[in-house]
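Visitor: I am new to this structure. Could you show me how to read it, feature by feature?

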Amino acid sequence: MMDYLWLIPLLPLMGSALNGIFGKRFPKPLISAIACGSVGASFIIAVAAVTRLLALPPVERHVIDTMFTWIASGDFVAKAEFLLDPLSAVMLLVVTGVGFLIHVYSIGYMHAEDGYYRFFAYLNLFMFSMLVLVLSANFLLMFVGWEGVGLCSYLLIGYYFDRRTAADAGKKAFIVNRIGDVGFILGILLIFATFRSLDFTAIFSNISGDPSRFPVETGFGILTAVGILLFVGATGKSAQIPLYVWLPDAMEGPTPVSALIHAATMVTAGVYMVVRCSAIFSRSPITLGVVAFIGVSTALMAATIGLVQTDIKRVLAYSTVSQLGYMFFAAGVGAFSAGIFHLVTHAFFKALLFLGAGSVIHAIGGEQDLMRMGGLRKFTPTTHATMLIAALAISGIPPFAGFFSKDEILWSAWVGGHPIVWIVGLATAGLTSFYMFRLIFLAFYGSERFPENARQHPHESPPSMTMPLIALGALSIVGGFVGVSAWMRLGPNQFEKFLEPSLEFTRTIQSANPAPGQEFIFAVISVCVASLGIYLAYRLYVVNPAASDNLARRMHAPYSLLLHKYYVDEVYDAAIVKPVVVGSREFLWRGIDVDVIDGSVNGAATMVQNAGSLLKNIQNGLVRSYATWILAGAVLILLYITLSQ
Amino acid sequence: MNIFHCLILSAALFTIGTIGVIVRKNIISIFLCIELMLNAVNLTFMAFSKYLNQVNGQVFVFFIMVVAAAEAAVGLAIAIVLHKNRKTLSVDDANLMKW
Amino acid sequence: METSLFYLLGGVALIAAIGVVALRRVFYAALSLIVCLCSLAGIYLLLDAPFIAAVQIILYAGAIMVLFLFIIMLLDPFAATAYTDKRKRLMFFGTFLGAAALVMLSSLLRSYNLARAPHELLQAPGGIGSVANFARSLFGDYLLPFEATSVLILVAIIGAVVLAKRQT
């Protein structure tokens, strides 16, 4: 299986090509079969490959499959190489597994769309790019995948291209991503300048094996510069401050797209990249500090915004931004495997939440406003049950998946000597459970506020949509058990142990030795905070729904600030977008293009014209003036002769 | 009387003829001035013929006269045609080559 | 004696030439030119060229100028052309150029070393400008050009006839 790693990305690529080129003439079942079949086959091969990987002893879990040499120029060699080690294995299973479930879900969700084949072609293309990204063995190929997922994100967000808002959102996503990519590219260039290679293994072993040249940096050294540049790319792709603004707008795309790309896989590429480069990050305390700070502030800020949003998908979008912040600050305090663990569990319950939201939207005929839902519990039981599971998971209630991962992160923050980060993280956890259950209560409980359209009553979704929900629900329940923390005395943290070979070059962050039992207390604290959030949501939205409105009215100013997302978009628009647009239009277009370039070209023509006008006066048809000119010429010659005498 | 006087006279006649060509408007007047220029040249040739004691100059003068005759004939025919077509003898009115 | 005669004839020629340019009516200008030609013929005589002098009178003043007079008579001989035409700048410029040319020519001529003794007289009976000598040269060395000029005259005749023919 190891020699067939290249099949894993290739099958979705072929599926995309088939559907893209010929799909217009295919019947819908054929399109679905090609699309889901290719991803399913990738999943099976991935499982087989990981099984083979597990059969190897831990130190040898590092398999490289070289396809071909892409660039060989001087001493710069870049190969198209795939790397299968524990980290990429985890990402691989998440991407193909959750991806497959979402493909199946889309069969039902998108069945009424005209561009059915286009959707699946793009979705498969996305799978290809994402798999290239996670499987690549060097920075260059990873960047190819990085750009590819950005492209597919743009294509899929703007899937409903006849909607102005969707097209704008697609452009916004791509452009903001690009800004982050500048940092990423600079980081790659700096890496090449320093290490003369772009291969992961070569670079990381170089770093760890040469402590004199790459020490732990107290100041601003090479590793810090590289780390910060790479992290800029990660903020773009993974929607952290300041480049998160595209993710809420990306909800214009179809819901499966939001689930797959903007919850489970693409936005996690930044986290994956940071963990993959942990050898670099762990040796630069400044960069780690930056990562942690941005991560935790993004988590808090996004959670506060999510408290008051009324569009169901917007709430989930801000939730994603917030949870990504968790993953980043986990990396920032040195808990790289905890970050990846949270990535995995988040993929399960966030995808489930999005798909469930899609199911809700589908049930009430396209309505997305939470204020116009309510009491759907009896109409959509399966959706309700699975979403409830997901909400419990994200809130960090044991024994659901999110508890283990979130607890691990908070504990690492405390033990690593960052109490402020811990407090902010804890507060965010409370906010998370509050807004998530606000969503659940507003949608499924309480009075029915949805408009009764003439078609039909709200109905449960077809099996093609509910089966993935159930599958993801199951995963949200049991998914956490692979990473049970050590303190529970059920054995060592299996997940962490599994990831160790991938982090072999990472420097372990020294942490204080905790007292036994302290972890238990901290776990209890986090569960209490989460339960408090749930209870508050219950009070405000089920018991006494008017109370929430009263609260909003009394705290009008903060409420308005949150509702308008801290006016960040407006600030960006005024400070960055408008100057660029005005500058381009007035200076670059009118000033340079029209006045200078066109002006010089036209000016040359005008000059010739003017010269011609001047010269044409010689041709005045007057014989006498011709004679005068002849005489003048003769006199000139005569003058010359006279003077030379 | 040396050759110098003849040459000066010839130069003077030539420039007067040239000025006349430029200044006068009537086409026949212009022809007259051209004849004047040709005569000035004749005088130059004659002077040199006497100075160098050769007859070649005079032969050349003879040929110039023949050519002047032919040219006068054709030129005056053109003047007649101009007058017939344009009803004017002013050379300023023959400006169809104007831009 | 020769010198004063030369000055006299030269002066007449100059005044007549100025008259050609300055006289307003074409008829008078043509008459003035005839005077100039005749004085030139006199100068030719002073230069020991009797044949050319005679040809000048017979051909130039007698034939060419008569042709001119014919045409002038045909085409409005007494038309008074105004001097002050709009092309003042042209007139001024032309005059200025002419004067400049004259000045330069004279200075050039001055600089040439021309005032040396003429060559020895050739052994030609009657002088080099005599009819016999001239004929000997014309029909001897220059026979071909002579025949060519006859063709030229033929062409000129045909041309003049064709040009001035009445269109039927």
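Guide: We will go through the chains, their contacts and a few backbone details. Keep in mind that this is a predicted model.

Visitor: Let us begin with chain A. How many helices and strands does chain A have?

Guide: Chain A has 25 helices and two strands. Its C-alpha trace spans about 120 × 70 × 55 Å along the principal axes.

Visitor: What percentage of the residues in chain A is buried?

Guide: Of the 645 residues in chain A, 52% are buried. Take the contacts in chain A between residues at least 6 apart in sequence: 80% of them join residues at least 24 apart.

Visitor: Now the two strands. Do β1(A) and β2(A) run parallel or antiparallel?

Guide: They run antiparallel. Strand β1 covers residues 63–73 of chain A, strand β2 covers residues 76–84, and nine bridges join them. Follow the pairing across: Thr66(A) stands opposite Glu81(A), and Ser73(A) stands opposite Phe76(A).

Visitor: What do β1(A) and β2(A) form?

Guide: A hairpin, with two residues between the strands. Look at Gly74(A) in the turn: its phi is positive, about 70°.

Visitor: Let us move to chain C. How far does helix α2 of chain C reach?

Guide: Helix α2(C), residues 26–46, has 21 residues and reaches 30 Å from its first C-alpha to its last. That is close to the 30 Å expected at 1.5 Å a residue.

Visitor: Which residue just after α2(C) takes a positive phi?

Guide: Asp48(C), at about 60°. Asp48(C) is not a glycine. It lies in the loop between α2 and α3 of chain C. With 19 other C-beta atoms within 10 Å, Asp48(C) is partly exposed.

Visitor: Next, the contacts between chains. How is the size of an interface given?

Guide: Often as the accessible area lost when the parts come together. Here we count residues instead. The contact between chains B and C takes 59 residues from chain B and 69 residues from chain C.

Visitor: Which elements of chain B give two or more residues to the side that touches chain C?

Guide: They are α1 (3–23), α2 (27–52) and α3 (56–86) of chain B. The largest share, 21 residues, comes from α3(B). By class, this side of chain B has 43 nonpolar, 12 polar and four charged residues.

Visitor: How many residues of chain B are in contact with chain A?

Guide: There are 11 residues of chain B in contact with 10 residues of chain A. On the chain B side, seven are nonpolar, two polar and two charged.

Visitor: How do I describe two packed helices?

Guide: Use the angle between their axes and the distance between the axes. Take α2(B) and helix α3 (residues 50–74) of chain C: they pack at about 175°, with axes 12 Å apart. An angle over 145 degrees counts as roughly antiparallel, so α2(B) is roughly antiparallel to α3(C).

Visitor: Which residues make the contact between α2(B) and α3(C)?

Guide: From α2(B), they are Ile28(B), Leu32(B) and Met46(B). From α3(C), they are Ile52(C), Phe68(C), Ile71(C) and Ile72(C). This contact has seven nonpolar, no polar and no charged residues.

Technical notes: Residues are numbered from 1 along each chain as its sequence is written. Chains are lettered from A and ligands numbered from 1 in the order in which they are written. This is a predicted model: local features need pLDDT of at least 70, side-chain atom pairs count only at pLDDT 80 or more; totals for chains, interfaces and linings use all residues. Helices (H or I, at least four residues) and strands (E, at least two) are DSSP runs, numbered from the N terminus. The expected span of a helix is 1.5 Å times one less than its number of residues. Two residues are in contact if their C-beta atoms, placed from the backbone, lie within 7 Å. Ala, Val, Leu, Ile, Met, Phe, Trp, Tyr, Cys and Pro count as nonpolar, Asp, Glu, Lys and Arg as charged, and the others, Gly among them, as polar. A residue is buried if 20 or more other C-beta atoms lie within 10 Å of its own, exposed if 12 or fewer, and partly exposed in between; C-beta atoms are placed from the backbone. Axes are lines fitted to C-alpha atoms, for helices over the stretch in contact, and angles run from 0 to 180 degrees between N-to-C directions. Angles under 35 degrees count as roughly parallel, over 145 as roughly antiparallel, 65 to 115 as roughly perpendicular and the rest as oblique. Two strands pair if DSSP finds at least two bridges between them.
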